[in-house]
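Subject: Structure handover

Hello,

Here is the structure you were expecting. Please load it before reading on.

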Amino acid sequence: MTNRSKVEEPDQTTDSSSKETWEQFLEEFKESVGQFQFQIFGNHLKLVDRTNDHLIIGVPRSFHKEWLEEKQQNKFHESIHDVYGDNIEAEVKITDSELSNESSENNVKKIKDNNENPSNSSDSSSDSCFPFARSNNYNPDLTFENFVVGDTNEYAYSAARAIANDPVNNFNPLFIYGGVGLGKTHLLHAIGHEVDSNWSQANVKCINAEQFTNEIINAIREGDTKEFKYNYRNVDMFLVDDVQFLAKTDAAQEEFYHTFNELYEKGKGTVFCSDSPPEEISTIEERLRSRFGMGLTVDIQPPGYETRVAILQQKAEQEGLSVPKKVVEFIAENLAGNVRQLESSLTRLAMKTSLSKERITVELARKELSDLFESAESGSRKPLTVDTIQELVADHFSISVADLKSKKRTRAIAEPRQIAMYFAREHTNHSYEEIGDKFGNRDHSTVIHAQKKVESARDDNPDSELVHHVRTLEKEL
Ligand code: ADP
Ligand code: MG
């Protein structure tokens with residue numbers, strides 16, 4: 001990994017007054033763009049060369065350059081002219097040759113270009129040095145290239161890129177929070193992909209907090225936590241999704257706390273995702289919450305109209321689906337919720353037209369997606385709860401909610417229960433553990449099993465009765 005210092009010295013040919021001027025510029029620019037953005041991007045600026053009318057400024061990565069030349073163009077040049085005078089031209093160059101991989105070139109808002117997936121990093125030679133490296137199942141689609149950047153996710157995106165490119169020297173930890181389906185997991189996997197491709201020997205651990213909980217509980221049950229500790233405390237980067245799902249048990253929180261502390265002290269990069277900001281995660285003990293909030297906390301909000309259009313265009317292109325602009329705009333206007341809903345709308349249209357060979361029109365979208373639009377609208381009014389799901393599912397199958405929570409295992413009860421558990425997991429923010437509790441104190445593994453069963457039926461057996469019920473209920477939900 002690189003070992004860049006925060007503000008690097010100008011090169012030896014420049015004298016001390018030139019160094020002072022440079023620092024003056026950095027100060028002024030920092031004030032102008034704000035501490036937050038400067039922390040992510042500005043800290044990496046370096047004065048490479050200077051003549052009477054020309055400055056060459058070095059930055060490590062292409063997205064730093066984009067930030068300076070596009071996003072902060074005015075403030076950048078104003079600060080330069082204020083400090084160096086009006087006649088000076090500033091040129092920005094990417095100077096960091098230590099990070100050789102250029103997969104992050106030209107990433108921002110790439111909607112039209114067909115990208116190659118950069119995740120095919122199968123350099124196995126390094127795996128033997130780090131027995132746990134590459135054990136992460138990153139979703140190959142969740143890359144920075146495939147992430148559409150807009151006003152509401154820009155900071156999270158930039159911070160994620162920054163930490164992926166420089167896990168050691170950046171702010172630590174990075175804490176990303178936001179509602180369901182807004183791209184948190186996407187960014188987490190994107191960091192994983194990027195670190196893998198830039199730093200082939202890195203031992204990255206990317207897990208869900210529930211998985212962490214299960215592993216520590218199993219290790220304790222088996223009376224051997226040594227291997228667990230070794231696995232988690234010797235990583236170069238620790239990426240944890242859904243930290244709100246870290247179990248309330250002392251053992252899990254205690255172990256998590258010590259894992260974090262040890263990695264933090266060793267200067268290892270950590271990234272956490274959650275549905276709410278650190279101080280609001282009531283299930284997590286105070287000392288851990290304050291650790292989470294120690295670095296940089298960024299949020300993701302639902303995308304605005306323009307971003308929704310861009311996301312739909314990108315997804316359609318990825319799927320090889322030809323969707324007229326008018327239809328894209330129509331969907332974007334009617335689905336203001338999360339990105340997952342946008343994806344569902346396209347999947348539905350794709351399925352519909354692949355069977356009927358119909359063309360995708362606004363009329364077809366209106367007809368096929370009306371329930372999605374309605375649920376997006378009512379979803380923005382009232383979030384679904386497990387209770388509502390249970391009532392709806394019980395009603396649909398003409399059984400009682402008590403049946404769903406009972407120990408009965410006949411198919412007539414067990415299948416509706418599995419469907420209800422599946423919906424509870426898909427449509428609420430509850431952990432497997434919490435959902436299990438709400439279904440008559442069942443184990444979290446029962447909920448996982450139910451979710452897998454419905455998912456695989458949807459994939460492998462779309463004409464089955466079970467999937468038919470799921471679809472009907474989905475419309476009602
Ligand atoms: P979260 O973890 O916040 O619940 P995910 O990261 O799982 O959400 O995102 C849900 C889906 O939406 C994923 O398929 C993801 O790829 C997609 N998605 C979210 N935000 C974006 C974005 N800005 N650009 C492209 N796809 C996105
Ligand atoms: Mg997620």
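Predicted model: local features only at pLDDT ≥ 70, side-chain atom pairs only at ≥ 80, totals over all residues.

Residues are numbered from 1 along each chain as its sequence is written, chains are lettered from A and ligands numbered from 1 in the order written, and side-chain values use heavy atoms, without hydrogens and water.

The sheet: three strands form an open sheet, ordered E1-E2-E3, with mixed pairing. Strands E1 (46-51) and E3 (89-94) are at the edges with a single partner strand each, so one side of each has no neighbour in the sheet. The twist averages 20 degrees from one strand to the next. Strand E2 (residues 54-59) pairs with E3 in the parallel sense, over six bridges. Leu55 has Ala90 in E3 as its bridge partner. Helix H3 (residues 62-71) lies across E2 and E3 and runs at about 160 degrees to E3.

Terms: strands pair if DSSP finds at least two bridges between them. Helices (H or I, at least four residues) and strands (E, at least two) are DSSP runs, numbered from the N terminus. Axes are lines fitted to C-alpha atoms, for helices over the stretch in contact; angles run from 0 to 180 degrees between N-to-C directions. Contact means heavy atoms within 4.5 Å.

The proline: Pro173 sits in the loop between helix H5 (154-165) and strand E4 (174-178). Pro173 and Gly295 are 122 residues apart in sequence, yet 4.7 Å apart in space, C-alpha to C-alpha. Leaving out residues up to four places away in sequence, Pro173 touches several residues, including Phe260, Arg291 and Gly295.

Best regards
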